[in-house]
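Here is a short briefing on one protein model. Look at the sequence and the structure first, then read the points below.

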Amino acid sequence: VRHTVSLKLKDASQVAEARRRAVSLAEKAGFSEEDAGRVAIAATEAATNILRHGKGGELLLRPLPENAIELIAIDKGPGMRDAHAAMRDGHS
């Protein structure tokens, strides 16, 4: 059974839980220790960015049939005013 894990993110204490849940999902999906570590890093970075730049939100994780994990980060931030400018050095 493949189900989506939904993690509400409101404060920094929830980043570690996101990491743990991501690793658990990767291990259950049969990922190697190294690949599970990569999933952990991605989940940690996404959760941290949701809190730092997006004013809270949600992280969705789910295993996919092709031995992959889908990670979707949803935040409550205002978005980018100028996406092209944000991609250049010196802009955020």
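N67 is found in the loop between strand 2 and strand 3 (68-75); helices (H or I, at least four residues) and strands (E, at least two) are DSSP runs, numbered from the N terminus. This is a predicted model, in which local features need pLDDT of at least 70 and side-chain atom pairs count only at pLDDT 80 or more, while totals for chains, interfaces and linings use all residues. Residues are numbered from 1 along each chain as its sequence is written, and side-chain values use heavy atoms, with hydrogens and water left out.

**The hairpin and its turn**

- Strand 2 and strand 3 form a hairpin with 3 residues between them.
- The two strands run antiparallel and are joined by 8 bridges; strands count as paired if DSSP finds at least two bridges between them.
- L64 stands opposite A68 in strand 3.
- N67 is not a glycine, yet its phi is positive, near 55°.
- N67 counts as partly exposed because its relative accessibility is 47% (buried means under 20% relative accessible area, exposed over 50%, partly exposed in between, with a 1.4 Å probe and protein chains only).

- Most residues other than glycine have a negative phi.
- K55 is not a glycine either, and has a positive phi of about 60°.
- K55 lies in the loop between helix 2 (33-54) and strand 2 (57-64).
- K55 counts as exposed because its relative accessibility is 61%.

**The nonpolar core**

- The largest nonpolar core has 18 residues, and L59 and L61 touch the most other members. Such a core is a set of buried Ala, Val, Leu, Ile, Met, Phe, Trp, Tyr and Cys residues joined through side-chain atoms within 4.5 Å.
- Strand 1 (5-9), helix 1 (14-28), helix 2 and strand 2 each supply at least two residues of this core.
- Helix 2 gives the most to this core, with 6 residues.
- L61 is in contact (heavy atoms within 4.5 Å) with residues including V5, L7, A18, A22, L25 and L71, leaving aside its neighbours within four places in sequence.

**A buried glutamate**

- E58 is located in strand 2.
- E58 counts as buried because its relative accessible area is 17%.
- The side chains of E58 and K8 make a polar contact at 3.4 Å. A polar contact is a pair of N or O atoms within 3.5 Å; within protein, one must be able to donate a hydrogen and the other to accept it, and residues adjacent in sequence count only if both atoms are side-chain atoms.
- Not counting residues up to four places away in sequence, E58 touches S6, L7, K8, I50, I72, A73 and I74.
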